[in-house]
Amino acid sequence: MSDFSERRRIMVDTQVRPSDVTSYPIINAMLRVPREIFVPDTSRDLAYMGEHIFFDNNKRVILDPRTLAKMLECIHFVGTELVLDVGGGYGYSSAIAASNSQAVVLLESVEECIAEAPVLLSDIGVDNVVIQEGDLSRGAPELGPYDAMLIQGGVGVLPEALTDQLKEGGRIVALFMENGLGSVRLGYKILGDVTWRYAFNAAAPILEGFERKREFTL
């Protein structure tokens, strides 16, 4: 067993399972998918430390395993969904989601990730992820609508362009940030509107294009 394989097992046993993640497909995928190859080379030794991993000149993060696993548990995939993974980086979150969905669209704006993600996913045999380059706040309407969406980073305000691409009855999970504090919420699209419920606490830097606009008063 390689050193990284052992670290992967420890990650699941100490970070994922104790966080009330019980979905076998999620746990199995996290035991199998090599997180260390989906991070910048300089961060490989940090891949299983239980923290966000920064990339794109420290403007973006790969969500820590606990947060990602709990977000995926909230979505509760049944294996037939078309999923939009917004800001999927090098492809780790998409690889995990792809293990229990029909197909995943990985939307990314960072050129290095767009170039490397297809190779990394192919190397581990993941063939149901499509890489889409574009503005994260715009989504990928040309490939939707989607049964489920994951937002890989903090959100001040969720752009309507994204919820417009969610199917009726679809689910979306996002990490809302306000004054440095964050909470993950699960949304259901019902009669054209998204209804949110609280899931758990977490925090992450707010994605570009998802900032809450400052209001000025005189």
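A nonpolar core is a set of buried Ala, Val, Leu, Ile, Met, Phe, Trp, Tyr and Cys residues joined through side-chain atoms within 4.5 Å. The model discussed here is predicted.

The largest nonpolar core holds 52 residues, and the members touching the most others are M30, F38, L72, Y92 and V173. Helix α3, residues 65-75, is the greatest contributor to this core, with six residues. In soluble globular proteins, nonpolar side chains tend to be buried together.

Beyond its neighbours within four places in sequence, V173 contacts M71, C74, I75, M149, L150, I151, V184, R185 and L186.

Helix α1 covers residues 3-16 and extends 19 Å from its first C-alpha to its last, close to the expected 20 Å. Its buried residues are R8, M11, V12, Q15 and V16. Seen down the axis of α1, the buried residues fall within an arc of 110°, so they line one face of the helix. They pack against α2 (24-32), α3 and α4 (92-98).

The protein as a whole has six helices and nine strands. Its radius of gyration is close to the value from the globule rule for 218 residues, so the protein is as compact as a globular protein of that length. Further values for the whole protein follow.

| Property | Value |
|---|---|
| Radius of gyration | 16 Å |
| Span of the C-alpha trace along the principal axes | about 60 × 40 × 35 Å |

Buried residues account for 51% of the 218 residues.

How values were computed. Residues are numbered from 1 along each chain as its sequence is written. This is a predicted model: local features need pLDDT of at least 70, side-chain atom pairs count only at pLDDT 80 or more; totals for chains, interfaces and linings use all residues. Side-chain values use heavy atoms; hydrogens and water are left out. Buried means under 20% relative accessible area, exposed over 50%, partly exposed in between (1.4 Å probe, protein chains only). Helices (H or I, at least four residues) and strands (E, at least two) are DSSP runs, numbered from the N terminus. Contact means heavy atoms within 4.5 Å. The expected span of a helix is 1.5 Å times one less than its number of residues. The arc is that of the directions from the helix axis to the C-beta atoms. The radius of gyration is taken over C-alpha atoms; the globule rule is 2.2 Å times the number of residues to the power 0.38.
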